[in-house]
Protein chains: 2
Amino acid sequence: LNPDIFEIREKVLKRIVPSKAERERIYALSEELIQRVSSAARKASLNAEVSLEGSVAKDTWLSGEADIDIFLKVDANLSKADLETTCLAVAKKAIKGYRPVERFADHPYVETFIGDSRVNIVPCYNVEMGMWKSATDRTPYHTEYVKKHLEASLKDEVRLLKRLMKASGTYGAEIRVGGFSGMLCETLISYYRSVEKTLQAASRWREGTVIDLENHFGGDYEEIYDLFDQPLIVIDPVDKARNVAAAVRHDRLWEFVSVARAFLSRPGLRFFYPPERRGISRGELARALVRRETSIVGLQFGGIEAPVDVVWSQIFKTEKSIVNLLRAKGFTVIRSSSFSDEDDLNIIMVELESQALPKTMKHAGPPVERANESDSFLSTHLGALDTVAGPWIEKDRWVAQKIRKHLDAYGLLKESLRGGGRNIGVPGLVAEIIKHERFKLLTGRQLGRLLSSEGFSKFLSSYLSGKPEWLR
Amino acid sequence: LNPDIFEIREKVLKRIVPSKAERERIYALSEELIQRVSSAARKASLNAEVSLEGSVAKDTWLSGEADIDIFLKVDANLSKADLETTCLAVAKKAIKGYRPVERFADHPYVETFIGDSRVNIVPCYNVEMGMWKSATDRTPYHTEYVKKHLEASLKDEVRLLKRLMKASGTYGAEIRVGGFSGMLCETLISYYRSVEKTLQAASRWREGTVIDLENHFGGDYEEIYDLFDQPLIVIDPVDKARNVAAAVRHDRLWEFVSVARAFLSRPGLRFFYPPERRGISRGELARALVRRETSIVGLQFGGIEAPVDVVWSQIFKTEKSIVNLLRAKGFTVIRSSSFSDEDDLNIIMVELESQALPKTMKHAGPPVERANESDSFLSTHLGALDTVAGPWIEKDRWVAQKIRKHLDAYGLLKESLRGGGRNIGVPGLVAEIIKHERFKLLTGRQLGRLLSSEGFSKFLSSYLSGKPEWLR
């Protein structure tokens with residue numbers, strides 16, 4: 001082991017391994033919660049098994065960041081509606097002193113905060129392995145698997161890996177992140193046997209890397225690639241039909257690979273605890289905009305009333321629809337990015353080489369081979385007022401030189417968002433907000449008005465630098 | 001037969017079928033030339049068969065445009081060097097009173113003009129069918145085939161087809177045109193049996209249409225497509241390994257298809273005799289440039305000393321290299337075109353959406369997967385003075401936002417052409433001219449200086465309209 005790395009590990013472990021006192025506190029709280037939920041279930045005549053799941057049960061949580069997941073396992077023949085109503089009522093009752101908030105992933109659950117711990121009370125079905133009825137039914141099997149197979153000595157390796165991923169923004173399977181889940185970390189450590197070996201392997205990962213811890217497929221890659229098409233395939237030890245890394249997006253995967261390489265070549269504590277990013281000032285924003293001479297178009301809109309995963313899904317779809325529109329109309333998009341405080345401030349930013357396009361453009365028509373389409377292309381464009389030259393034949397297609405309808409990105413967006421923008425692909429919830437004019441189109445400069453949001457200010461600083469933190 | 005078409009045919013035929021007097025004159029001249037060449041060959045002790053080939057021999061020439069092709073068929077064991085020197089000397093001697101000019105296709109030949117007839121004296125090898133030693137050896141077999149198989153009644157159909165193709169700029173297999181040869185017209189008419197049926201068929205041609213007049217392949221399309229990959233495949237009746245349409249470029253093919261459709265839907269004499277295009281005035285040029293707001297970059301350079309096919313090949317390669325360079329550097333090319341008077345005026349024009357580019361651009365790097373390339377991308381761009389943001393990871397690649405080196409098309413071209421431009425793909429003969437600074441970079445406006453060339457003036461007028469003549 002590299003002595004630098006050994007020293008870094010020790011420093012990090014001091015901060016992330018829970019103390020005896022924290023453990024006792026968390027387990028006592030967990031026990032109390034189990035009792036409360038069980039008792040509430042009994043009172044509601046709900047036949048349920050209540051258990052502690054997740055990283056607390058697996059002893060892989062990071063000190064100070066315990067998520068206590070209490071599962072309420074109900075009979076498999078309970079209807080989905082009952083699961084949602086009865087269980088939720090039981091859960092709320094059990095923690096009614098702690099301001100329970102209803103949340104939603106695949107189905108609803110209840111969340112609250114007690115001290116520095118987040119508490120989730122999650123209903124699921126008590127099913128046999130593989131007979132999943134809801135997305136959370138696998139969790140108890142995951143907990144059981146990790147408790148049984150992850151050696152005590154590897155738990156701190158999992159903690160180190162999680163800390164490194166959190167620091168680089170690659171941790172978390174939620175839509176906002178699209179990164180590595182806790183179960184994925186545990187599976188990787190079980191497979192590679194240490195954080196260092198995981199990083200060494202990751203630094204050489206290829207598109208389509210397969211990790212089959214339980215050897216469910218006996219090395220039959222053809223079958224594996226028939227089933228999974230994600231860039232990283234980690235067969236779920238308790239369910240051969242599932243990829244534990246299914247949520248990992250391309251960018252997050254390759255960011256992690258890049259972090260692994262960077263850490264191994266120049267190890268440092270900063271990979272676990274990066275220097276905090278300062279927010280940006282109005283003056284710094286103005287200077288950055290002058291230096292790049294690009295045009296940053298901002299779409300600011302009000303809060304989306306929906307669970308946080310839905311919020312991010314709506315925001316990402318909106319971002320994509322706007323980028324696609326601008327590209328289709330001839331603008332050169334350099335990059336786009338979205339910010340949300342998950343409350344009432346959502347901002348989609350698209351950076352363009354230029355906000356204005358030249359007056360005329362080449363407009364490609366159908367292949368000459370297709371007689372009817374050619375006829376209609378000719379009758380549309382031949383002699384039309386906005387045809388500057390042509391139509392002519394280029395290789396095997398008709399082409400015409402046309403005057404553009406939209407020379408300005410703001411004008412194009414204003415017109416396309418009129419009425420909500422459903423027709424350009426803006427998803428329902430955001431389209432509703434836009435339809436009711438709870439949005440603004442901002443220039444790069446005008447984004448400066450929103451710097452009072454500390455989160456946005458840091459986001460914008462990071463956006464403008466464009467570098468991932470570990471390359472700083 | 002459509003009565004309109006009948007009337008048009010009659011009018012055109014009156015102009016293109018040679019009169020009895022013209023025939024007699026051309027055949028007498030041909031006979032005399034054969035005698036002169038034969039006698040010159042005898043005097044040089046060259047064992048050669050002298051014959052009349054081509055459209056005069058086949059009786060498919062257009063009145064007033066006779067090309068008299070006299071072939072000098074020599075022994076197959078004569079060396080290529082001897083073919084070129086001895087035969088050329090004989091040919092020159094035979095017509096020494098008529099200012100013979102040496103030309104070059106696959107090998108050298110001699111050309112002159114007598115009255116309104118072009119006379120070519122072309123050496124070739126006297127070989128058995130299929131045992132071709134030079135590109136012209138097939139011609140006597142073509143002549144023989146057409147004389148034998150093309151019914152007298154179809155000769156005027158060939159003439160009509162040629163006239164229509166000449167009018168639309170699709171006639172001629174030379175590099176400048178990349179269109180339909182005389183032999184191809186004769187093969188099409190033999191196959192389709194009239195100009196009207198040829199046009200009807202052509203209006204429905206698909207990419208990869210096959211015409212196998214002699215049924216050499218018995219309908220085995222797999223074998224045909226293994227051998228030929230051109231968009232139109234017309235199996236040579238005298239050589240199953242050759243495509244008579246090999247020289248037909250995509251644009252010429254589809255232009256002809258489009259002419260065929262236009263003629264059939266609205267027949268008119270103009271398809272055979274289009275109104276002559278006027279040249280453009282300086283004022284008209286200025287107005288056209290203002291209307292489109294594009295930037296037309298002109299490269300003017302001096303005469304290329306080479307056979308005309310080589311001249312055009314050099315010009316087209318130069319055009320392509322400049323277009324590729326501009327595209328690679330981020331400019332949006334709408335169209336490019338080249339003019340040559342085949343003497344001392346060559347002009348390559350490239351029309352750009354805009355002559356100036358925005359200051360920064362997105363620069364795509366390697367996939368993160370490739371560790372070494374990623375390392376070198378990062379060490380080049382991370383913290384570099386011309387890096388405005390990034391590198392960041394987009395999907396699976398590194399990307400950086402960079403300041404462009406060249407914001408202006410003229411600056412880019414000036415620098416890239418310094419020393420000749422071989423490294424951007426400018427071919428040898430043009431690179432030599434450019435290296436010796438016998439070139440100018442012109443703006444669209446400055447092209448107005450060259451309008452004293454009537455040819456260029458008409459070319460520019462046609463370029464700016466962008467429409468093929470038959471769509472006017």
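**Close-ups of a predicted two-chain model**

**Figure 1. Where chain B meets chain A.** Put together, chain B and chain A bury about 4400 Å² between them, and 54% of that sits on carbon and sulfur atoms. This is a predicted model, so read the views with that in mind. On the chain B side 55 residues make contact, and they touch 55 residues of chain A.

**Figure 2. Polar links across the interface.** Looking for N and O partners between chain B and chain A turns up 24 residue pairs in polar contact, both residues at pLDDT 80 or more. Several elements of chain B each bring at least two residues to the side that touches chain A, among them helix H10 (250-265), helix H11 (282-292), strand E10 (333-340) and strand E12 (360-367). The list also includes helix H13 (371-381), strand E13 (387-394), strand E14 (397-403) and helix H16 (454-465) of chain B. Which element gives the largest share of this side of chain B? That's E13(B), with eight residues. Sorted by type, the chain B residues that touch chain A come out as 23 nonpolar, 11 polar and 21 charged.

**Figure 3. A salt bridge up close.** Four salt bridges turn up across the interface of chain B and chain A. Here's one between the side chains of Glu353(A) and Arg404(B), with N to O at 2.9 Å.

**Figure 4. Helix H6 of chain B.** H6(B) takes in residues 152-168, 17 residues in total, and at 1.5 Å a residue it should span 24 Å; the end C-alpha atoms are 26 Å apart, which agrees. Is this helix mostly covered or mostly open? Mostly covered: 13 of the 17 residues of H6(B) are buried.

**Figure 5. Chain A on its own.** Chain A carries 16 helices and 15 strands, and its C-alpha trace spans about 80 × 55 × 55 Å along the principal axes. Of the 472 residues in chain A, 55% are buried. Take the chain A contacts between residues at least 6 apart in sequence: 65% of them join residues at least 24 apart.

**Figure 6. Glu432 of chain A.** Glu432(A) is found in helix H15 (residues 428-435) of chain A.

Technical notes: Residues are numbered from 1 along each chain as its sequence is written. Chains are lettered from A and ligands numbered from 1 in the order in which they are written. This is a predicted model: local features need pLDDT of at least 70, side-chain atom pairs count only at pLDDT 80 or more; totals for chains, interfaces and linings use all residues. Side-chain values use heavy atoms; hydrogens and water are left out. Helices (H or I, at least four residues) and strands (E, at least two) are DSSP runs, numbered from the N terminus. The expected span of a helix is 1.5 Å times one less than its number of residues. Buried means under 20% relative accessible area, exposed over 50%, partly exposed in between (1.4 Å probe, protein chains only). Contact means heavy atoms within 4.5 Å. Buried area is the accessible area (1.4 Å probe) that two parts lose on being put together, summed over both. A polar contact is a pair of N or O atoms within 3.5 Å; within protein, one must be able to donate a hydrogen and the other to accept it, and residues adjacent in sequence count only if both atoms are side-chain atoms. Ala, Val, Leu, Ile, Met, Phe, Trp, Tyr, Cys and Pro count as nonpolar, Asp, Glu, Lys and Arg as charged, and the others, Gly among them, as polar.
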